[in-house]
Every structure is written in C-alpha cells, then in structure tokens.
Amino acid sequence: MRFLRSALIAVIALGMVAVANASVFEEDFESYAAGSALHGQGGWKGWNGDAAAGAPVSDAFAYSGTKSVAILSTSDLVQEFDVAGGVWVFTAMQYIPSGGTGITYFILLNSYDDNTNQDWSIQTQYNLANGAITTWTGAVDTKVVFDQWVQLKYVIDLDNNTVDEYYNGVLIDTRQWDDNVHGTIGAVDLYGNSASTVYYDDIVLQSLRESLAKADNPVPADGQDDVVRDVVLSWKAGSFAASHDVYFGADRAAVAAASRANPMGVLVSQGQSAVAYEAAGLLEFGQTYYWRVDEVNATPTTIFTGPVWSFTVEPFVYPIGNIIATSNAAPVDDATPASTVDGSGLDADLHSTDTTAAWLATPAGDEPAYIQYEFDRLYKLWEMWVWNYNSEFEKMLGFGLKDVTIEYSEDGAEWLPLGDFEFAQATATDTYAHNTTVDFAGVSARYVRLVIQSGYGFTGRYGLSEVRFLYLPVQARGPLPADAAADVAVDVTLDWRPGREAAAHRVIFSADEQAVADGAALVATVTDHRYSPADLVLGQTYYWRIDEVNEAEPVDTWQGQVWSFTAQEYLVVDDFESYTNNIDARETIFDTWHDGWVNNTGSTVGHLNSPFAEQTIVHSGRQSMPLFYDNTTVATSEADYALTANWSQHGIRSLSLYFYGAEGNTGQLYVKINNTRIAYDGPAVNLTRPSWQLWSIDLSQAGNVGSVRSLTIGIEGAGAKGVLYIDDIRLYPEVVDHALSDITGPGDVVKGVPDDGDWPAAETPNLAIDNNTATKFLHFKGETEPTGIRVTPLVGATVVTGLALTTANDAPERDPVAFELYGSNGTIDGPYTLIAAGDVTDFAAETAWPRFTRNATPIEFENDVAYAHYQLLFTAVRAAASANSMQIAEIELIGIVAE
C-alpha cells in the first residue's frame, strides 16, 4: 500500500520544476583598488546610470579579505541580474558602525532598467541612530547589531512568488515577492539615503540547490577571535555531500586558491567522511587562521567550493578589565585616577595629548603620593604597560612619573615590594605609544600600588595617562555552556578554558549553589578540560566551578568562579520540522508516522500533494502533522511512530502534545505508549475547535517507560471522521493541571458589550477569544464607558476562578486597567450576577506593559458557582484622556468544566 501511495505522489512530483544549480553572482570587492569608484566596474553603477550615485571601494572594514564597499550618504549603487524562475538565495554581509545617523536602505528589485521598468520587492530600512529595522511589511522586533558583520539573507521562491527575509540568522519577514508576478530577480540597490556610511561585503546570489550543497555553520564562527589552541573545526555538511576536503592555514590567499590539483600546502584532509577536523598540535597564540571546506558529491563527483572562514587564536596574555583606581593625592580639575584605566585618550594603543583623559594630582599630607589599582579577583600578573602623563607641554612641565616603587598584595592588607622602577617620559605627541613595560614575573596579586618617589618636573604635581595590566590566565575560564545559560541540553558535556599551568582539574558540581561555593560538591578530578554530568533533570538550575591544580607550582590551586546553567525545559519527541518532500530519500512525514496505508486503520498522515506536512496551521516552527481520520469502515484511525527511548530519565513526568481541531470533528482522541492506551480527558468539544489545545499526559498512567518502543496517536468511535493537526510532542518534568484552563476558544458564541458594532471590521469581539494574540478586539466607546464581551463557551457550564489578559499591538493608553466579571445561567443576554471585580495590576503600572504580553500578576478570585454564559466588562483604560477606545488581544477565562 505504501508503494501505491508513493507511486501516486511520485507521479505528481514529476511535474515540479527542477531547481537550477548555478551561482549567478559573487562579489567580495577584492579585485578593485581601495578608494576607487565602483561605478563602471564589475557591473556596478549608480542608480539610473548616474556616476554620482556610485560608491567607493573601502579598506576601512572587510568581512573577508581586506576590502568592502562603503555606501555613503550619496550612494545609490546598483547591480543588475537576469534571473527567472526557481528558488534562489541572496546573501550579503553588512557592517553598521555605531554612532551613525539617518536611515539607510537595502533594496532588491524584481525588475530594473535605467529610468524604466523599476519594481521593488525588498525595501528594508536600518535606523542608524536607534537600531530599528523596518521591512516592507513593517517594523520588526529584531534590532541592528552595530560594529559587527551581520548576514542579510533572502530565500526567494520565484515559482511560488514568496520571499523569506533573515537578519543575522533570524527570520524577520515572510511576504509576497512581487505583486505583479514578474517571477524574476532584477537588481540589488544599496541606498545611502543621506545616512551615515555603512559597508557591504561578500554579496552572493546562488540557487537554493547550490546554497544547500555548500558547507555552512562553521565552528568556530567566521571571524571569531580568542579561540582555544586545541580547537576542533566543525561545520554543517552540504545536503548532497558524500565527503569533504578541508583546507587550512595562515595564508588566506592560499586557502582561497588551493584545489585538489594544486593543494598549495593547505589541503590538510581530502575526502574525509567526518564533519570535523582537528589540527595536529596546538595552534600559535594570537595567530589568525583561514579554512575552507569543499563538499564533494558521490555521483557525479561534483565539488562545491566552500567560502573561506577565519578565526584568531587566543593571545598569550590578557588585559585585566574592570579595575578600580584610587589615590591618596588630590585630583586637579577632576582629573581622577579612573582616567588611567578607562581607555580614554587611546586610539589603536596610541595616546593623545588630551589632558582630560589623564590623571593629575597634588600630594596631600606628608606621606608619599600613590595611585592604587584593585582587580576583581586574584591574578597571576605578567606585565604592566605605562603611558606616562602626556600633554603638549610635558617636556617643559614634567608632570609625568619618574621614580616609582611598585608594591602588590593579595588581600590589600599585607604588601610586598616588586621593586623600584624608572618610568620613561611621554613624547608630548598625539601618537604616543607606551614606552615603559614593567615585568611582574608572575606574582599573584589583587592589588597593585605605584608609590611616587619623583617626577620629571618641578611643580609638585604628578600625572599618568594610562596603564594596562596583562595577566597569564591560570584560572579556569570561558565556561561552556556560558555562565547563566538557559535551555542547556541534558546530555551536555561541560567544557572550559584550562588554566595555563593546570595539571588537573577539580570539578565541583551540584544543584546546591552554596555547596559549590564552599567546595563541598567535588564530583571528579580530570586531566582533560571536559566533564559530562549524569542524568540532569529538566528545568533544573545547576552550579559548577573548576579549581585548577598543579602541585609543582608556587600556587598549587587556583580556585575558579561559580558558574551556573539551567537545563532545557523539555525534550522533543517530534516537532515535525525535519520532514521534507523527498520521497526517494524517505524523508516525508508518512515515512516515519505510519498510517492507514500501512497499519490498516482509517488514518491518512500528511497531505496528498507536496508539501506533505502542514505549513500554515502550525503551533511553533514551520510544520505540523495533518492527521485525517475516517472510521466509517474501521474501528479506529491511528498514526504509529517507532521509538527507542528511555522516558524514565531526567525527571520526566509527562508527555504533552498540541492538537488543532476542525468544525464537525467527532470521535475520542487517545494515545498509546507501548500499546498502553490513554484517553484524552479534556472536553470533547475541543476536537472541533480551530485552535491549538494542549494535552498533558501523566506518564504514570503508561506503566514502565524505561524502554519506549512506540507512540500511537489515534481516534476511535464508530463513524468518527475529521482532521486533527498535531505539533510539538514533548516530554516535561511536570504534568500540566487541566483542571484550571482557558474555557473559551474559537467557535464560542460572542457578542460585544454594548453590542453596537462600534469597532473596526477586522477587530471584532470574537477575536478576543480566538487564541491568537496577533488579532485584537477594539471598541471605540471603551474610553468613555465600560465595554467588553459576552460569551457562551462551547464546553458548557463552567466554574471560573481566574482571568488572563494579553495586550494588543499598539497604543498602551487603550489597555484595560479594571474589570467586572459576571455569570448567567439564563441566556447570553442575562440576567447576570457579579462574580468578581478588580484591577489589572500589570496594565496599570507606571511603565506601560509590553505589547502582545500576558499579565504576569495573577487575576484570581473565589467562586464556586457554575455558569453557562459570561459577561466581562472593562470599566477603565490606562489613559482615557489620550485613548480613543479600549483594545485587547486575548481574553482567557480560567476555570473548570462543571461536573
């Protein structure tokens, strides 16, 4: 039966248009001279052929290589394409420096000729002052990332006339590509719009097939610095790769140009099967390395050349930050000690003659003047760089320090001498490099004091521009997962940067923070900088620290900091995101979830035509599972999912799933775990609701779940028929109490109060209970009189003891801040009895409650009377004087179905 179905779908699939496999455009700006005008080079030109609208090649910033294009305030730079049909991926790297002004544009056109046939598809605005991003559809929550290269990505399906827009890996918009249905990609336009300069690099237009075929998601990330010396390179394999060629070295040009025929000394692994590579030996401190992965198809042997990625290895020593500077001398003109450790006056490690960016003081009292530095913890100090006091008159006035005694301390009480030193005088120029280096020889200190014995002048005042302390990292650092990380996998392996002198690592780990802080939770001593804790509990917060040990060193133990992470809240059984439409590869949803075509029940999993998974009605992600059922000639309809799993670990207590019903659905929903049947215990009417319903199942009903081999979703009942959509099947450490839940939903009878139609056509009363926070109910009388809804829940009589409200999309002044809830057992028009009244605390707070956000302070009240109908009135809004209405995105009446 499966063969018959697959054959039928295969026939349908034959009609699909094949995706082209070709890159039509790749631009890295490396072939042009820095400073040259792009207009007239490489197909680039100003808008409508105007050279004045062009842009220069820049070497100020570059994502790859040394050059990019600088889009100036006057730039309106165009590159034309001739692409029709298929699915394409357009990517560009964008760099926006902080401190800019104005709004710059990134534009894609589906049609472009100079002065004619110009039609826009993408017109995204980037506000350089406040970081706001506005797509063609409207403003998005994602903000501009300043001072960092960010990828812009557009997946353009010309066959289906859609485009997905991504910013820095986040999907920010999905929309129609072209309202005139040209089915073409015509041009890219980089428009300065009188804004500050932004930069673009590595602009690529390629087919979806080629995009999927190339290696992606490099680890370490492209451009990452401070990478460990024993790093293991990894990547996401191309969709068609049978093997991988790895190129690696310190010469970017060689890595970019090398091939199998000409390896140039950087082809370090050819034809490997693994998607990881570990270089032989430790990498060099501070060195930048380049690497590339070419994906090799098996049949035919096609090589997809990968992009060149880079990373920089950790430095030998690190600067100390967050230093507290104090002095016993009186500052002159607010020239405080803090100026010597805040980086002010420095540009590329060269100090200016700006005296407001330096310390200057007069000794107070008889004791020698000093300046003292306190670090956040104990460090093994390597050296100190000194920029002495630097003003244009320093050679005459001599405020700089000359003879200095340096002391250090671990606790600030007992001080040890490092020695007497002579600091070199500053150069009195705007490009002053530090010219004194003090060797600290690895002493352990939290405090350093510079006691001034003499200066270079005669004024009795002493000054200093900047100091920098460098330390050798001997403590564990760089925890993975990062400190305070959330949603960490329960099978995580802890990793950290080892201290340079460590011979062993003591792992202290517990859910008890104090036990870790006290060192009372030692779980292992390891020689590698990795540790895998056993059987973590879902949702639990854990604490850990690493003490670095080497008994051969003067300080044999360096105690680590206490770090924490929180384990993931749930485990995914199936979220339906991995299924494709590839029948030959057996990646379809019905290849995994077996239905009536295999198990002889009345079920059909998936749509007949591609896409087989549901992509419109989804709870999260981009896909759900449609389950059609028909028990006309059979007793049940079932979808079977094979498993090999242990659900007795990690504190798991429940299996949950979301289902979405349809009008006219009938039957009894159930699941089977290892053939143990558990019936849905919620209201049967929920199967008819076109909204997502949560079903949380107590696994104690399923018996032994230490070895789960199968999960079945079924509907029974003679003649039962309909369709359910299933999504987000998960395991949780707790069972959600269905006794108290939202008793309203789509399909309930709803009326406005007053029922006068004084609302926009797309913002009607029923949208307040449609389980969709993206819609809203707006009543124009809400600022002058009580307004709200009346509702008759489909589930029948209920006992309501709580209320939940979600703010709508805009205008906080319209948010309701007080309510009255009534019940009736007559009709939807009453008579009504008051159940409760009160304030909406969160919505009435001094700061406006965020948009699309449910109240956090519970709205609860006592009630033990069951009612069939409810009236909810909002008696006040947040700011009636400035509001023109009351609006609410979602109303939830929290209660239980009456016995």
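**Why do we call it that?**

Trainee: Why is V150 called buried?

Mentor: Its relative accessible area is 1%, and the cut-off for buried is under 20%, so V150 counts as buried. Keep in mind that this is a predicted model.

Trainee: Where in the chain is V150 found, and what does V150 touch?

Mentor: V150 is part of strand 11, residues 149-157. Leaving out residues up to four places away in sequence, V150 touches A92, M93, Q94, V145, Y167 and N168. These count as contacts because heavy atoms lie within 4.5 Å. As for D50, which is 100 residues away along the chain, its C-alpha atom is separated from that of V150 by 29 Å.

Trainee: What makes strand 15 mostly covered?

Mentor: Count the residues: strand 15 spans 198-207, and 10 of its 10 residues are buried.

Trainee: How do you know that strand 15 pairs with strand 4 and with strand 6?

Mentor: Pairing takes at least two bridges between the strands. Strand 4 (residues 68-71) is joined to strand 15 by three bridges, so that is a pair. Strand 6 (residues 87-95) is joined to strand 15 by seven, so that is a pair too. The run is antiparallel for strand 4 and strand 15, and also for strand 6 and strand 15. If you want residues to look at, I71 stands opposite V198 of strand 15, and F90 stands opposite L205 of strand 15.

Trainee: What makes strand 28 and strand 34 edge strands?

Mentor: Start with the sheet: it is open, has three strands in the order 28-29-34, and is paired antiparallel. Strand 28 (346-347) and strand 34 (432-433) each have a single partner strand, so one side of each is left without a neighbour in the sheet.

Trainee: Why do strand 28 and strand 29 count as a pair?

Mentor: Two bridges join strand 28 to strand 29 (residues 350-351), and the requirement is at least two, so the pair qualifies. Within that pair, D347 stands opposite L350 of strand 29.

Trainee: On to charges. How many salt bridges does a search of the whole structure find?

Mentor: The search finds 33. Among the residues involved, D226, E314, R477, R497 and R500 are linked in a network of salt bridges.

Trainee: Why is the contact of R586 with D591 called a salt bridge?

Mentor: The closest N and O atoms are 3.4 Å apart. The limit is within 4 Å, so the pair passes.

Trainee: Are R586 and D591 buried or exposed, and what makes them so?

Mentor: R586 has a relative accessible area of 54%, and exposed means over 50%, so R586 is exposed. D591 has 13%, which is under 20%, so D591 is buried.

Trainee: What makes E638 and K672 a salt bridge, and where are the two residues found?

Mentor: Their closest N and O atoms are 3.1 Å apart, so they fall within 4 Å. This pair links distant parts of the chain: E638 is in strand 51 (residues 636-645) and K672 in strand 53 (residues 668-673), 34 residues apart. Both E638 and K672 are buried.

Trainee: And why is the pair R851 and D815 called a salt bridge?

Mentor: Here the closest N and O atoms are 2.7 Å apart, so the pair is within 4 Å as well. R851 sits in the loop between strand 64 (833-839) and strand 65 (859-860), while D815 sits in the loop between strand 62 (798-806) and strand 63 (816-824), 36 residues apart. The relative accessible area of D815 is 0%, so D815 is buried.

Notes
Residues are numbered from 1 along each chain as its sequence is written. This is a predicted model: local features need pLDDT of at least 70, side-chain atom pairs count only at pLDDT 80 or more; totals for chains, interfaces and linings use all residues. Side-chain values use heavy atoms; hydrogens and water are left out. Buried means under 20% relative accessible area, exposed over 50%, partly exposed in between (1.4 Å probe, protein chains only). Helices (H or I, at least four residues) and strands (E, at least two) are DSSP runs, numbered from the N terminus. A salt bridge is a side-chain nitrogen of Lys or Arg within 4 Å of a carboxyl oxygen of Asp or Glu.
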